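Biologist: Could we go through this protein chain together, one question at a time? Please give the cut-off behind each term as it comes up.

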Amino acid sequence: MTAEEARKLRYSKEDEKVGHKNTFNLLVSDYINQIDSKISHVATYTDSLIFPLNDLCNRQDIVNEIVKQLKKDGYIVSSQTKYYFDIKSYVFELYISWNNND
């Protein structure tokens, strides 16, 4: 089965639960791929990136796994949580750097 075929078998957002490991892992992989792609576009002129995860409102479990995977790949990562009262949800931003100038 290809990754594309696996993605077509996903649960809808409404049915997505933490216990559905295949869906969870696919989501994490998708975000890691998006972040890697973004980093490859900006790495020649900057050493850091702010990556918003606005669509992962209230999904700290996915954000934690993304941070864990990025750190494992050698990035320096921290996440910031912002709460928006108008939409009553949390929004996450990742602060990622790949050159430690210390």
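Modeller: Of the 102 residues of the protein chain, 33% count as buried, where buried means under 20% relative accessible area, exposed over 50% and partly exposed in between, with a 1.4 Å probe and protein chains only. This is a predicted model, in which local features need pLDDT of at least 70 and side-chain atom pairs count only at pLDDT 80 or more, whereas totals for chains, interfaces and linings use all residues. Residues are numbered from 1 along each chain as its sequence is written, and side-chain values use heavy atoms, with hydrogens and water left out.

Biologist: In what order do the elements of the protein chain run from the N terminus on?

Modeller: Helices (H or I, at least four residues) and strands (E, at least two) are taken as DSSP runs, numbered from the N terminus. On that basis the protein chain has 3 helices and 3 strands. From the N terminus on, their order is α-α-β-α-β-β.

Biologist: Which residues of H3 are buried?

Modeller: Helix H3 covers residues 60-72, and its 13 residues reach 18 Å from first C-alpha to last, close to the 18 Å expected, a span taken as 1.5 Å times one less than the number of residues. An α-helix has 3.6 residues a turn, so residues three or four places apart point the same way. The buried residues of H3 are Ile62, Val63, Glu65, Ile66, Val67 and Leu70.

Biologist: With which side chain does the side chain of Glu93 make a polar contact?

Modeller: Glu93 is found in strand S3, residues 89-97, and counts as buried at 15% relative accessibility. Leaving aside residues up to four places away in sequence, Glu93 touches Ile50, Phe51, Pro52, Ser78, Ser79, Gln80 and Lys82, a contact being heavy atoms within 4.5 Å. A polar contact is a pair of N or O atoms within 3.5 Å, where within protein one must be able to donate a hydrogen and the other to accept it, and residues adjacent in sequence count only if both atoms are side-chain atoms. At 3.2 Å, the polar contact of the Glu93 side chain is with the side chain of Tyr95.
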